[in-house]
Amino acid sequence: LGASMTIGTYLLSDMIKSFLSIYPEVQILTTVDNTKVIEEMILSDQLDLALVEGPTHSADIVEETFRKDELVLICSPEHPWAAKKQIEMRELNDCSFIVREEGSGTREIFEIAMASKKIKWKISGIYNNTESIKNAVAAGIGIAVLSKLAVENEIKSGRIAMVKIHDLIFTRPFNLIYHKNKFFTPFMKSFKTICFSER
């Protein structure tokens with residue numbers, strides 16, 4: 001079983017726990033990496049199923065959406081935007097963002113949305129995990145766009161501020177993916193059912 005970073009960090013454990021409560025005798029080998037790596041592992045039959053937040057790019061992969069996610073703009077509580085709570089899209093022009101590495105689903109969705117609105121932006125840092133980005137933002141080192149799921153606790157505690165963008169919402173599906181020729185065992189069917197029941 002594979003998962004991309006956001007799902008692997010914030011959702012996967014509860015899903016596996018639910019599965020093992022029904023089938024305690026089954027052993028699950030899990031891999032958590034970025035969407036690009038997980039897609040390659042599905043194509044090379046190293047994984048049976050995977051849960052990813054980024055788009056996949058092979059015609060041999062089946063995608064089934066089991067949940068929707070929203071990415072949000074975050075900054076430190078001391079940032080001028082924190083007091084405003086909402087900004088105009090034009091204020092993003094020429095801003096520098098801390099982003100995930102190439103191959104990250106979070107980064108790809110962010111880049112697609114910014115390009116669709118013709119917003120020019122720069123990179124101030126490339127971090128390969130969400131926690132390091134959150135720490136940098138909280139310290140006032142930069143701004144970022146991350147899954148709302150990943151920053152809920154920090155927003156509630158006031159460690160990080162969430163800023164709405166007028167006329168711009170970053171949304172994406174969380175998808176269950178598998179090879180189009182994959183044979184589904186009863187255990188795989190059961191795990192799929194759990195994915196679609198835990199929302």
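Reply: Buried means under 20% relative accessible area, with exposed over 50% and partly exposed in between (1.4 Å probe, protein chains only). The model is predicted, so local features need pLDDT of at least 70 and side-chain atom pairs count only at pLDDT 80 or more, while totals for chains, interfaces and linings use all residues. Residues are numbered from 1 along each chain as its sequence is written, and side-chain values use heavy atoms, without hydrogens or water.

The part I take is helix α7, residues 148–157, whose buried residues are L149, A150, V151 and E154; helices (H or I, at least four residues) and strands (E, at least two) are DSSP runs, numbered from the N terminus. The cover over these buried residues includes α1 (5–10), β4 (61–75), α6 (130–138), β8 (144–147) and β10 (170–179). At the start of α7, a side-chain oxygen of S147 comes to within 3.1 Å of the backbone nitrogen of L149, and the helix is followed by G158, which has a positive phi near 85°.

Beyond its neighbours within four places in sequence, F170 is in contact (heavy atoms within 4.5 Å) with D69, E70, L71, F110, A113, M114, V145 and I165.

Aromatic pairs, with ring centres within 6.5 Å (planes under 30 degrees apart are stacked, over 60 edge-to-face, the rest tilted; Trp by its six-membered ring), number eleven in the structure. One of them joins F19 and F191 edge-to-face, at 6.0 Å centre to centre and 65° between the planes; it links distant parts of the chain, F19 in α2 (residues 12–22) and F191 in α8 (residues 186–197), 172 residues apart. F19 is buried at 2% relative accessible area, and F191 likewise counts as buried at 4%. Another edge-to-face pair is Y178 with F184, their centres 4.8 Å apart and their planes at 80°.

Technical notes. A polar contact is a pair of N or O atoms within 3.5 Å; within protein, one must be able to donate a hydrogen and the other to accept it, and residues adjacent in sequence count only if both atoms are side-chain atoms.
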